[in-house]
Amino acid sequence: MRAWQVSAKGEPQDALELVEVPRPEAGPGQLLVRVRAATANFPDVLMCRGTYQVRPALPFSPGLELCGEVVEAGPGVGGYRAGDRVIGGAVLPHGGFAEYAVMDAGRALPAPEGLDDAEAAPFYNTYQTGWFGLHRRARLEEGETLLVHAAAGGVGSGAVQLGKAAGARVIGVAGGSHKTALVRELGADVVIDRTAEDFVAVVKEVTEGRGADVVYDPVGGEAFRRSTKCIAFEGRILIVGFASGDIPSAALNHALVKNYSIVGLHYGLYAQRQPGAIRDVHAELTRLVDAGAIRTLVTERLTLADVPDGLRRLGAGTTAGRIVFQP
Ligand SMILES: NC(=O)c1ccc[n+]([C@@H]2O[C@H](COP(=O)([O-])OP(=O)(O)OC[C@H]3O[C@@H](n4cnc5c(N)ncnc54)[C@H](OP(=O)(O)O)[C@@H]3O)[C@@H](O)[C@H]2O)c1
């Protein structure tokens, strides 16, 4: 089969090599799947660079998230039939940027019928991260104001939709007019172009000085530092990621003086520790899809050949929504 592999770390366009390798086998507790679609996630870029918290042994195929069709189940796996359409995380080194990948049977989820393959692939990380972040960690309530950074991006676009579905007033920040138009289409109440406006001033203005109750921050750096200037009394800043490459330090005296919380979110830990909760959230998210409240923002449907360039553009911050590769 064809697979992209990283055998030396670097920028995606340098580190990735298209190779012909034997089809992997499903081990105990695993599924072998034919990849129908695999998502480009920022951690795939970071894994190519060797700067992600997960550092698989070389060589490995990235592609952390996918929609696949079950080919065979490994020893001890019941409940799956060949042809079942599933979504979830890949078990590295056999990631989704290949014709076949390996998944953990215990963590695979049924692909929602209302989503096609390309829409289903990003339905795992994007919305589960948003749900656990907004509901479990930040306890977002109806009527509160939610500020989302990188709101046209992968996890950001999901957070905008989930915020609206929860009855929050959503303020989306994105870079450039193409992205702000997408954020508006997603349903954000207020949209800010960070390349032309100061988001702190706009948030203060539209909340009459109160600030945002919850900030969803996948960017870090200045996005985090400036968010502390417009967080409400008893507000929660969700630390989702550091797409800017800048991991900021928090001024704890400031958090004390203003009564706000800095809340960490590592969605992957829920997948490891509470697989039952993941299934419950998946059922709720599927219900929201069926009700028309959320839908994955897939902006580009690409082929396997496009993986290095797609990851390069994701890493450079020029993609919007989710880009997806279909072998
Ligand atoms: N905590 C968790 O459990 C969890 C789960 C999933 C993902 N994440 C993290 O969430 C972050 C976003 O992931 P994603 O895949 O959804 O990516 P993404 O948001 O689609 O892409 C990153 C976005 O960040 C913004 N950005 C601002 N400054 C940037 C810079 N210097 N370089 C690149 N981008 C910059 C850009 O949007 P604008 O130009 O519109 O600002 C860009 O489109 C990553 O750090 C990822 O690791 C965390």
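**Close-up views of a predicted model**

**View 1. Val 307 in helix α12.** Val 307 is found in helix α12. The model is predicted. Val 307 counts as buried, because its relative accessibility is 0%. Its contacts, leaving aside residues up to four places away in sequence, are Trp 4, Leu 16, Phe 97 and Phe 325. Val 6 lies 301 residues from Val 307 along the chain, yet their C-alpha atoms are separated by 12 Å.

**View 2. The shell around the ligand.**

View 3. A polar backbone atom of Gly 154 sits 2.8 Å from an oxygen atom of the ligand. For Tyr 267, a backbone N or O atom is 2.8 Å from a ligand oxygen atom. Lys 179 uses its side chain: a polar atom there lies 3.0 Å from an oxygen atom of the ligand. How much of the ligand's accessible area does the protein cover? On its own the ligand has 920 Å², and the protein covers 87% of that.

**View 4. Helix α11 along its length.** Gly 292 follows α11 and has a positive phi, near 80°.

**View 5. The buried residues of α11.** Which residues of α11 are buried? They are Ala 277, Ile 278, Val 281, His 282, Leu 285, Thr 286, Leu 288 and Val 289. An α-helix has 3.6 residues a turn, so residues three or four places apart point the same way. The buried residues of α11 pack against strands β5 (85-89) and β7 (109-110). They also pack against helices α4 (125-137), α5 and α10 (267-273).

**View 6. Thr 286 in helix α11.** Thr 286 is found in helix α11. Is Thr 286 buried or exposed? Thr 286 is buried, because its relative accessible area is 19% and the cut-off for buried is under 20%. Not counting residues up to four places away in sequence, Thr 286 touches Pro 112 and Phe 123.

Technical notes: Residues are numbered from 1 along each chain as its sequence is written. This is a predicted model: local features need pLDDT of at least 70, side-chain atom pairs count only at pLDDT 80 or more; totals for chains, interfaces and linings use all residues. Side-chain values use heavy atoms; hydrogens and water are left out. A polar contact is a pair of N or O atoms within 3.5 Å; within protein, one must be able to donate a hydrogen and the other to accept it, and residues adjacent in sequence count only if both atoms are side-chain atoms. Accessible areas come from the Shrake-Rupley method with a 1.4 Å probe; for residues, only the protein chains shown count as cover. Buried means under 20% relative accessible area, exposed over 50%, partly exposed in between (1.4 Å probe, protein chains only). Helices (H or I, at least four residues) and strands (E, at least two) are DSSP runs, numbered from the N terminus. Contact means heavy atoms within 4.5 Å.
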